[in-house]
Amino acid sequence: MTDPLPNEEARLARLVRAHDRWRGREVFNLLASENAVSPTARKYLSSDLAGRYTLPLETNFHGETIDNSYTGTRYTDQIETLANAAAARVFRARFATTRPLSGHIAALSALVPLLPPKSRILAIAPDEGGYDGYAPGFIPSLFGYTVRPLPADGPGLSVIAEHAVETIRRERPNAVVLGQSFFLFPYPLREIAEAAHALDALVFYDASHVLGLIAGGEFQDPIREGADVVYGSTHKSFPGPQGGLLYTDREDLFAQLDPALVWRIFDNAHWNRIAGLGQTLLELERCGAEYARTVIANAQALGRSLTDLGVPLVAEELGFTRSHQIHLDRPRLEKTAGVRSGELARRLERQRLLIDLVGRIGTAEVTRLGLTPAEMPRMAELIVRAGLRSESVAKEVLAWRKTYRGLRFA
Ligand SMILES: Cc1ncc(COP(=O)(O)O)c(C=O)c1O
């Protein structure tokens, strides 16, 4: 019998090549949770850093502070310092760390060191667009938190200041956790922070979806508007490698957060990712403002074009969105077009257009490819022909996709 390994290796190589071709060159990706990583950041991801350890400035189990447990780290430590400094500049924060391994881990990194067991938190419920991770059975059950819903009962699952403040005063939480997976509009953060701080509650802002927009000075500026700690994924509207980051202006909080990461929430922090993230932060420092403005303009233009063609979307009266997402109005879609969002997404996938099955459409990655509001009527027309009329548009999509080479803002 021949050794099966080489065949499996060849098959794996074919699968990775096929994936890269399909997702990198042959589809338009309108998934709100994803983005395209810059070529330089990708190079760093596969650099020698991918296999290295470093533990700068740690406290060992004897309680001694030492420079590093490892040798060979003369460059890794400088890479981390550079990336953290870039994050602090981009988000205009006094303290930032690029160590959290993902958005979810960033949430743990922020909440767990600052909120003891039995804390009461307010978070937006998943059925109002909140992140599932904050639902009672997930992060709260792991750490003994009680979670109560912060209402997102405005148009497009937005938060109404009066309702939020009322809820905070009634529930008297230890912390308010803002942030949504269905995230169209900025929060009335000043009002929320004022009500929370009056009760000595902390305000956490999970910026996973909108981090790239905040980096470009759009959407809102959580720290200046009253959030105590901001954190999130670095791969949704923020166009970095998959990972997380965290920042704050409060020295007292950062003094508790930073030492709680290593050996509590993770051990090594993936230094190739941190180099790629550092590169992305530097790229956004150069052209993040134009990137963020174009992402939002594209989302609004796509919303307008889709509704002009009869696709029902939420929050039309508010211009659809102020973020990188627009949302299908699922009940109206089913009623008027006789199709569920999941089936629509499957039809689009067969025609080389990717959206998620829960009705979100995102413009971050197509903006990186170079699409502008002028191209959104064409995108909307392809979505309608493929998704509502079940027409075959795959060849047209492929030919159009091939005209975009390389990435803008990178
Ligand atoms: C609001 C929010 N927070 C956290 C996460 C988790 O991010 P990650 O997948 O990077 O762990 C998500 C992912 O969708 C999210 O939408």
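A polar contact is a pair of N or O atoms within 3.5 Å; within protein, one must be able to donate a hydrogen and the other to accept it, and residues adjacent in sequence count only if both atoms are side-chain atoms. The model here is predicted, so local features need pLDDT of at least 70 and side-chain atom pairs count only at pLDDT 80 or more, while totals for chains, interfaces and linings use all residues. Numbering runs from 1 along each chain as its sequence is written, and side-chain values use heavy atoms, with hydrogens and water left out.

Now for the ligand. One of its oxygen atoms sits 2.8 Å from a polar backbone atom of H104, and an oxygen atom is 3.0 Å from an N or O atom in the side chain of S102. On the nitrogen side, a ligand nitrogen lies 2.6 Å from a side-chain N or O atom of D206. Taken alone, the ligand exposes 400 Å², and the protein buries 83% of that (accessible areas by the Shrake-Rupley method with a 1.4 Å probe).

Then there are the helices (DSSP runs of H or I, at least four residues, numbered from the N terminus). The axes, lines fitted to C-alpha atoms over the stretch in contact, with angles from 0 to 180 degrees between N-to-C directions, come within 8 Å for α11 (residues 271-308) and α15 (residues 376-387) and cross at roughly 50°. For α15 and α16 (residues 394-401), the axes come within 11 Å and cross at roughly 155°, so α15 and α16 are roughly antiparallel.

How values were computed
Helix = DSSP H or I, 4+ residues; strand = E, 2+ residues; numbered from the N terminus. Parallel < 35°, antiparallel > 145°, perpendicular 65-115°, else oblique.
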